[in-house]
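Open the model in your viewer and keep the selection panel at hand. We will go stop by stop.

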Amino acid sequence: MSRTPSRRTGWKTALGVFFTAVMLFPVYWMFNVSLTRTSDLRADPPHWFPWAPTTEGYEAVLAQQLPALGTSLLVGLGCVALTVAIAAPAGYAIAQLRLPGRGTLNFLLLVAQMIPAVVMAMGFYAAYVRLGLLNTVGGLIVADSTIAVPFGVLLYTAFMAGIPRELLQAARVDGANAWRTFVSVVLPLSRNATLTVSLFAFLWAWSDFIFASTLDRNGDLVPITLGIYQYIGNNTTQWNAIMATAVVASVPAAVLLVVAQRFVTAGVTAGAVKD
Amino acid sequence: MTTTEAPAAAGAPRVTGTAPRRPGRRGRPAASRWAAVGFAAPLLVYLTLFYAYPLLRNVDLSLHAYTIRAFVQGNAEFVGFDKYVEVFTSSTFPTALWNTAVFTVASIVFQYAIGLALAVFFRSGFRLSNLLRAMFLVPWLLPLIVSASTWAWMLSSENGIVNSVLGAFGVPQINWLTSPDTALLAVTVANVWLGVPFNLVILHSGLQSIPEDVYEAASLDGAGPWRQFWSVTFPLLRPVSAITLLLGLIYTLKVVDVIWVMTTGGPADASTTLAIWSYREAFGTGQPDFSPAAAVGNLLIVIALVFGFLHLRLQRRQEDS
């Protein structure tokens, strides 16, 4: 409910554009470097825009990082499926079915979000060594999902608490049991919550570095974040290729921002703690 | 997703047997309670396996002297709190604690101040304000490794754009990431940049709930913009501010990716925080040393919990009022 723009707000728009430009400068710079020729990378002063742009960085990405992108996609989607499968029914139980001990459970979920990922990574590493799950995509999906599950449950709970009780009672009167009510009434009504949770589960799994670098560092299938990191380590001269990979790795974020900005904002304000 | 005939699919109440399948009628709390447990069962199993177990394992790690071999064989010697003593008396400890404090406090203060200023600026609503505010989310959505490597390149000593711009003003070259004097500053700046969008969005949504007539009353009383901010906006925003700062604090305490990618905690521990220290001991060298790493990690959990309880108390007080 912003105030009606007056006629004299032109300077504010100009100022806003300026602030946005300052804020997004690193993003521009990443893009700029990704198109810079290797011979120009050491230019002093650096070129402010990619004159004589080259696609050699992007060619390197396509040649070397496609499998990593595929792994990240797989991990992201797996994480979404696992998170929604766990969080949606739990949210229903807490919000509508008066789960005994739900206060304690909510508290535990809040606490779970405060645990540093380093600590989780060590615990997972210790378990995975024995179970033979190191360097597996499945193992990484499970570990990454721990970032999104507590958030997912809390968000589903908040959302499902808003579903009118009369609707659920009507389903009961029609003879639907709890499962049936959940599948045919609660889930369809919770579509926006599912979208928000899925979006964050995907984005967090896609962006994860800590779990990838500890649980999947020697695998045949490494995710793109680790791909970039290893790139930096092995290849400190080819910053155009590194930045090109970074640009490609940012595509999901850009797409989500454009397509689902509403849900992103809703998710952030729901108290998302980015991990 | 919406098959109606698959009660055995994910989330089906395995524990409760047939109870939830019976047609529920009004006034049957017992059945409904069993259904609730059934729906929550996957989460309870999940929390036990993937939170409780790793955390217990971590406590176990910190109380034993694990070597790599013992780690695989599982026969490490029990040493009680020796590893904690080792950590507290280590020369890295005061440095890491100080760096954590500086990094965290500086990060959240600047994130908050910049986020609030921008939130107030965007509140007035001008042409393109919604679009521009959405663009501000970009840094928050990017993978941290992407942002961190971009900052690393921007701050690099010889070819970095930052030194190039400063050079134009006659500032001599600064070795942002490789000098002990500036490494912590460099990673803090990057982290502030990462945190501004989150603060902006939360504080902006907090501003939306302040009614317009309060401002009208204030301006009738002759309060200028500056006075309005300090007498109306800031006090009314206090609950939202408290939550924002605490969330920022909890998040910043556990930051690893940004610092690790930019400096790996160096040079010579200059940007080593507790989280970085823990990560480096466990995974950052070729010689994993899990026991002290786990001890540092557990210390981090305790610190986060203290502030977490503060958060909960604040939230509860807010709900009461």
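This is a predicted model: local features need pLDDT of at least 70, side-chain atom pairs count only at pLDDT 80 or more; totals for chains, interfaces and linings use all residues.

Residues are numbered from 1 along each chain as its sequence is written, chains are lettered from A and ligands numbered from 1 in the order in which they are written, and side-chain values use heavy atoms, with hydrogens and water left out.

Select chain A. Its C-alpha trace spans about 75 × 65 × 30 Å along the principal axes. Colour by secondary structure: chain A shows 15 helices and zero strands (DSSP runs: H or I of at least four residues for helices, E of at least two for strands). Of its 275 residues, 58% are buried (under 20% relative accessible area, 1.4 Å probe, protein chains only).

Next, show the charges of chain A. There are 16 positive and 11 negative side chains, with the centres of the two sets 18 Å apart (Lys and Arg against Asp and Glu; His and the chain ends are not counted; places are NZ, CZ, CG and CD respectively for Lys, Arg, Asp and Glu).

Now select residues 97-311 of chain B. An unreviewed UniProt entry annotates them as "domain: ABC transmembrane type-1"; such annotations may be inferred rather than shown by experiment. The span is 74% helix and 0% strand, and its end C-alpha atoms lie 22 Å apart.

Finish at Met122(A), Phe182(A), Phe211(A) and Met262(B). They have the most contacts inside the largest nonpolar core, of 187 residues (buried Ala, Val, Leu, Ile, Met, Phe, Trp, Tyr and Cys joined through side-chain atoms within 4.5 Å).

Notes. Buried means under 20% relative accessible area, exposed over 50%, partly exposed in between (1.4 Å probe, protein chains only).
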